[in-house]
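Please look through the structure below with charged side chains in mind. The paragraphs after it go through some of their pairings.

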Amino acid sequence: MIPRRAYHSDVSDARWALIEPVLVAWRAARPGPGAAARVHDPREIVNAILYVNRTGIPWEYLPHDFPPFKTVYDYFAKWEADGTTEQVHDLLRDATRRANARTAEPSAAVVDAQSVKTSSILMDTSW
């Protein structure tokens with residue numbers, strides 16, 4: 001099979017090296033029918049999720065060179081539900097902070113409680 005051309009949203013090799021062990025462990029923890037016969041490359045699943053996130057398209061409009069949208073969404077939903085997405089996010093955040101000579105965990109946070117001021121417009125509904 002000819003490899004597809006890369007999209008701008010594809011996960012980099014360095015980031016994939018960080019998150020691949022998490023996804024391999026996730027897959028290994030799911031025994032049962034079909035677990036041994038992996039049909040789709042998990043990196044392509046991640047690339048498809050990132051493509052949807054970056055472009056804002058509906059799942060059904062995923063380009064044909066990605067795995068089927070129902071498969072991609074199923075992985076996304078499972079990863080969201082069981083905390084895998086958060087685990088991957090934490091890994092990437094920590095690596096980014098370390099690369100910028102910061103501690104992995106933030107030492108402070110800023111909470112902005114800005115309120116949006118609006119004016120109420122009275123409308124004449126008698127017409």
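Which residue forms a salt bridge with K78? In this predicted model, the partner is D74, and the closest N and O atoms of the two are 3.0 Å apart. That distance falls within the 4 Å cut-off, so the contact counts as a salt bridge. Both residues belong to helix 3, which covers residues 69–82, and because they are 4 residues apart there, about one helical turn separates them. K78 has a relative accessible area of 41% and is therefore partly exposed. D74, at 35%, is also partly exposed.

Side chains of opposite charge can pair when their charged atoms come close. The side chains of R4 and E44 form a salt bridge with an N to O distance of 2.6 Å. R4 lies in the segment before helix 1 (13–28), while E44 is in helix 2 (residues 42–55), and the two are 40 residues apart. R4 and E44 also belong to a network of salt bridges that takes in D10.

R43 and D13 meet through their side chains in a salt bridge of 2.7 Å, N to O.

Notes: Residues are numbered from 1 along each chain as its sequence is written. This is a predicted model: local features need pLDDT of at least 70, side-chain atom pairs count only at pLDDT 80 or more; totals for chains, interfaces and linings use all residues. Side-chain values use heavy atoms; hydrogens and water are left out. Buried means under 20% relative accessible area, exposed over 50%, partly exposed in between (1.4 Å probe, protein chains only).
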